[in-house]
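User: I would like to learn how to read a structure like this one, feature by feature. Could you take me through it, giving the general idea before each case?

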Amino acid sequence: MEMKKRISQELGNKNPAEVVDLLVDNCQSGDGEVEGLTDEYTELEVLSMVNVGLKSLAKLPSLPKLRKLEVSDNIIAGGLDTLAEKCPNLTYLNLSGNKIKELKTLKVLQNLKNLRSLDLYSCEVSTLEDYRESVFELLPQLTYLDGFDQEDNEVPDSEADGDEDEDEAGPVGDDDDDDDEDEEDEDGSDGDEDEVGLSYLMKEGIQDEDDDGDYVEEEEEEEDGAFQGEKRKREAEDEGDDDDDE
């Protein structure tokens, strides 16, 4: 399928200004130039044109928001100077499998101030002596070349996928802390309840002792009263006996 027709098919009923990602891999460029892509794609951020027969990027339209460009497995040999003008915010560029042979061809990429990752795998330039050191020196803004930084650390998956969004979730461990706090609150509640229950029982015990003591005292008072009454009765009888004797 021709590139122009493929782009039209991918667009469908959408407005070009609504398109953020556009993949037209494995179609065919009629004259080796970009076809069917216009300045109307103002919101385009990701463009993939892998294996479409591109010889040049000269006809690439202005894409001010483009940050990721995939043009691997084409036959591009130069003409990269247009990228800085047309795609000033480019951060990732994949030129793997093209016809780039010399370092001087890459010098124009110095104007891509935001470029962080560049892939030149399977390009002839990658076979040069001190290739990696030379490219990093030529393009100091680069962080990754062919998927690795200057210390041979592999690019993280998030950056390799072009995903620059950060995790919006809270810091790791927040939920655990909340759970611990809840458990502490629950433990504290149980402790309070135990203390209340213990206090209640102790209070009841004290009241029972007081009640028993009152009961004993009442019994003693009753016994004393009965004894006094009996004593008075006997004294009265004795006085009566004395009167009879007289």
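Analyst: A residue counts as buried when its relative accessible area is under 20%, as exposed when it is over 50%, and as partly exposed in between, using a 1.4 Å probe and protein chains only. Helices (H or I, at least four residues) and strands (E, at least two) are DSSP runs, numbered from the N terminus. This is a predicted model, in which local features need pLDDT of at least 70 and side-chain atom pairs count only at pLDDT 80 or more, while totals for chains, interfaces and linings use all residues. Residues are numbered from 1 along each chain as its sequence is written, and side-chain values use heavy atoms, with hydrogens and water left out.

User: Which residues of helix H3 are buried, and which are exposed?

Analyst: An α-helix has 3.6 residues a turn, so residues three or four places apart point the same way. In H3, which spans residues 131-138, the buried residues are Tyr131, Val135, Phe136 and Leu138. They lie on the same side of H3 because they cover an arc of only 165 degrees around the axis, the arc being that of the directions from the helix axis to the C-beta atoms. Glu133 and Glu137, on the other side of H3, are exposed. The buried residues of H3 pack against strand S5 (117-119) and strand S6 (144-145), where a contact means heavy atoms within 4.5 Å.

User: How should I read the sheet, and which strands stand at the edges?

Analyst: Strands of a sheet pair through backbone hydrogen bonds, either parallel or antiparallel; here two strands are taken to pair if DSSP finds at least two bridges between them. The six strands form an open sheet in the order S1-S2-S3-S4-S5-S6, with parallel pairing. Strand S1 (21-23) and S6 are the edge strands, each with a single partner strand, so one side of each is left without a neighbour in the sheet. S1 runs parallel to strand S2 (residues 46-48), and three bridges join the two; Leu23, for instance, has Ser48 in S2 as its bridge partner.

User: How many disulfides does a search of the whole structure find?

Analyst: A disulfide is a covalent bond between the sulfur atoms of two cysteines, and the search criterion is a pair of cysteine sulfur atoms within 2.5 Å. The search of the whole structure finds zero disulfides. Cys87 is buried, with a relative accessible area of 0%, and Cys123 is buried as well, at 1%.

User: Where is Asn74, and what does Asn74 touch?

Analyst: Asn74 sits in the loop between strand S3 (68-70) and helix H2 (82-86), and at 4% relative accessibility it counts as buried. Leaving aside residues up to four places away in sequence, Asn74 touches Met49, Val50, Asn51, Val52, Gly53, Leu54, Gly97 and Asn98. A polar atom of the Asn74 side chain lies 2.9 Å from the backbone nitrogen of Val52. Asp73 is found in the loop between S3 and H2 too, yet it is partly exposed, with a relative accessible area of 45%. Phi of Asp73 is near 60 degrees, a positive value in a residue other than glycine.

Technical notes: Polar contact = N/O pair within 3.5 Å; in protein donor to acceptor, adjacent residues only side chain to side chain.
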